[in-house]
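Please look at the sequence and the structure shown below. The report that follows covers a few of the strands and helices.

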Number of protein chains: 2
Amino acid sequence: MNVDETVQAVRAGNRLALARLITQVENDTAVGRAALDRLFPFTGRAHLIGVTGSPGAGKSSLVNVLAQELRRPTSEKPDRRVAIIAVDPSSPFTGGAVLGDRVRMRDLAGDPGIFIRSMAARGALGGLSAATAAVSQVLDAAGFDVVLIETVGAGQSEVDIARLAHTTLVVESPGMGDDIQAIKAGILEIADILVVNKADRPGVENTERALRTMLELAKNHAAADAWLPPVLRTVAVQSNGVLELGQAIEAHREYLQRSGHWQQRDAERLSTELDHLIQATLVARWRSTLPAGALEAALVELAQRKLSPHQALEKLL
Amino acid sequence: MNVDETVQAVRAGNRLALARLITQVENDTAVGRAALDRLFPFTGRAHLIGVTGSPGAGKSSLVNVLAQELRRPTSEKPDRRVAIIAVDPSSPFTGGAVLGDRVRMRDLAGDPGIFIRSMAARGALGGLSAATAAVSQVLDAAGFDVVLIETVGAGQSEVDIARLAHTTLVVESPGMGDDIQAIKAGILEIADILVVNKADRPGVENTERALRTMLELAKNHAAADAWLPPVLRTVAVQSNGVLELGQAIEAHREYLQRSGHWQQRDAERLSTELDHLIQATLVARWRSTLPAGALEAALVELAQRKLSPHQALEKLL
C-alpha cells in the first residue's frame, strides 16, 4: 500500500492497515510521517483520556470495563468506537506483547469497535511521549471517538504521557492511598477524576479521605470556574461504579468544551509535540556536522577529568 | 564569596558553602557553572549509590539506616562521610522541604559526617537528571565517600536517575512484589542489589521468589563474568539486615573496580550528561535566532490543522 492507499484504508476503518501504520509511525519511517501529515487535518475530534496511578491499583482491569462502558450507544452517538493505547515506559516489548494483555484480549477481543495497542519505550524513536502523541493522532484521524491512554506506573514519564489527554484519571486502591508517597502532589495536579479502585477492600474510606484532603489543599490555588475533580469508587472486576465513571468522564468533556479548555489543552499538546520534534531534529543535524572522532575525543578528556562537562560542551559547539 | 573562595570552602568541608553552591548548581547560574568546572577534577572518587523501587516500599527509612551503616569506620577509612540526595520528580519542592524529611532530619541531624539534600523537578533547570548529576559531582568533589541518590518512585525518570549510580538498589516490600506490574523488567535490568524491605511482613517469601524468578530470566542473557544481583531482606525501622546490605554494597564496589565497570559506568554517566547539555544548548541557541512570533504563528497553524507537527518543524527550521 502506498501512502494514499494507507490513508484511505485507515480512514475507512481497515484495522490491519491501521495496525501497520501505527508501527510505521512508532518507527518514525518516511511512510509513517507522510501518512501522519495527510491524516493530521482529521485529528482533534477524539476524546483523549489518560489513565495513570500507582502500580497494582488495577488500571488495566479498569480500562477494560471502562472501554466497554464507553462503547455503549448514546443519543448523540449510536456507535462510539474506543481505542486503547497501553503505554509501558519500562517494558522492552511493543506491539501486542505487554504483560497482562492476554487478559485484556480475552475480555475485549471480538468487539470490532475496540482497538488495542501496546507501546513500549524501546519501540519508540524520539521518545515514548512523542510516539504516543503521534499514535493517538492516527487513532483520532481513524475515527475513534475515545482514545484511552493507559500507563503502567506513576512516574514522570507517565505524567508526561497523561498530559497528552483531555481528561486524566488517577487510579489508586485501598492501602496504597494511605501512603503519602503513593499520592504525589504532582500526580494529583494532573488528575481530573480520581478513582479508588478495588473499593471492596478494607481501608477504602482512608484512601478516599487522604485523596480528598490532598484535593482540598490543591483547591485553595484553583480558579473560581475550575473543575473540581470528583473522587469515585470502582470495583473493576465486578464492573461496579463504572457507569458513574463514564458519566463523570462525559461531564468533564462537557466542561472542557464549555470552558474553552478543550482547545487550550489541544494547543498545549501540539506545542509540546513540536518542542520535542525540534529538539530531536536540532541534535541530529548538529551531530551530522561534527568532525569524526570529535565527540569521542571530548568523552576521553571528560573521563580523565581534563575537561568538565561544560568545558567539553564549549569545545564541541 | 567569589568562585575561588566557594571552591576552597567546599573542599575544606564548609557545609553552608556546600549547601549554597548546590543551590547555584541547581539553578545553573554562572557562579555554579564556574565552581563546578573548578571542582570537576576532584570528582570520580565517591561511590554513587542509587536507591529506587515501588512507592511505599520504605526507601526513605532504608536510606536513613543505610547512611548510618555506611558511616561506620572501616580499616581503610576511619571516617566515611555520606551524602544523601532525595530526588522527587513529582514534587514542586526543592531544598529541604520534601515530605518525609522531618523524620529523616530527626534520625540523622547532628551527625557532621552526613549531608542531606532534597531535589525536585521544579528547582532544576535542564532536567532533573542533569541537575542530580551536577549535584552529585559537587558532593563527590566535596569529599563525600558515598552519595546515596534516593528516588521517590520507579518511573522512567527514576530509572534515568538511578543510572547515574555505580550501584543501584531496587527496594520492594511484601505484597508489592507479588504484583507483576510492580516488578518491572526495566527496573530489574538496572538492579545491582535487590532489597525486600519490611521483611517482617507476611508474604515476604512470595516477593522474594517473584524477584528471584525474574532475576533467573534476566540471568540467561548475562555475560559469564557478570555480577549476580543478590536478594536481601531488611526491616529498616529495626535496622535488621542493614549490616548485610552494607557488605553487599561493598562487594559490588569491589566487583566494579576489579572488572573495570567502575570506569565504564563513569564514562557512560559523563557521556549522558554531555548529551543533555548539548541538547539544551542547541535548542536555546536556535530559539534565540528565531524571528519574533514565528513559533507562535506555527502553533496557531498547528491548532487549526493547517500544518502537521512535521510540516511546522520544516517551516521553522
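## Strand 6 of chain A

The model is a predicted one.

Strand 6 of chain A has a partner in strand 5 (residues 167-172) of chain A, with parallel pairing over 4 bridges. In this pairing, A:Leu169 stands opposite A:Ile193. Strand 6 of chain A also pairs with strand 7 (residues 231-233) of chain A, again in the parallel sense, over 3 bridges. Here A:Val195 is the residue opposite A:Leu232.

## The sheet of chain B

Strands of a sheet pair through backbone hydrogen bonds, and the pairing is either parallel or antiparallel. Chain B has an open sheet of 7 strands with parallel pairing, in the order 3-2-4-1-5-6-7. At its edges are strand 3 (114-120) and strand 7 (231-233) of chain B, each of which pairs on one side only. From one strand to the next, the twist averages 20 degrees.

Within this order, strand 1 (residues 47-53) of chain B pairs with strand 5 (residues 167-172) of chain B in the parallel sense, over 5 bridges. B:Thr52 stands opposite B:Val170, which belongs to strand 5 of chain B.

## A helix across the strands

Helix 4 (residues 59-71) of chain B lies across strands 1 to 6 of chain B, among them strand 2 (82-88), strand 4 (146-151) and strand 6 (193-196). The direction of helix 4 of chain B is at about 175 degrees to strand 4 of chain B.

## Two packed helices in chain B

Two packed helices are described by the angle between their axes and the distance between the axes. For helix 2 (residues 15-26) and helix 3 (residues 30-39) of chain B, the angle is about 110 degrees and the axes are 7 Å apart. Angles from 65 to 115 degrees count as roughly perpendicular, so helix 2 and helix 3 of chain B are roughly perpendicular to each other. The crossing of helix 2 of chain B past helix 3 of chain B is left-handed.

Which residues meet where helix 2 of chain B and helix 3 of chain B are in contact? From helix 2 of chain B come B:Leu21, B:Gln24 and B:Val25, and from helix 3 of chain B come B:Val31, B:Gly32, B:Ala35 and B:Leu36. By class, this contact has 5 nonpolar residues, 2 polar residues and no charged residues.

Key:
Residues are numbered from 1 along each chain as its sequence is written. Chains are lettered from A and ligands numbered from 1 in the order in which they are written. This is a predicted model: local features need pLDDT of at least 70, side-chain atom pairs count only at pLDDT 80 or more; totals for chains, interfaces and linings use all residues. Axes are lines fitted to C-alpha atoms, for helices over the stretch in contact, and angles run from 0 to 180 degrees between N-to-C directions. Angles under 35 degrees count as roughly parallel, over 145 as roughly antiparallel, 65 to 115 as roughly perpendicular and the rest as oblique. A crossing is left-handed if the near helix is turned anticlockwise from the far one by less than a right angle, and right-handed if clockwise. Two residues are in contact if their C-beta atoms, placed from the backbone, lie within 7 Å. Ala, Val, Leu, Ile, Met, Phe, Trp, Tyr, Cys and Pro count as nonpolar, Asp, Glu, Lys and Arg as charged, and the others, Gly among them, as polar. Two strands pair if DSSP finds at least two bridges between them.
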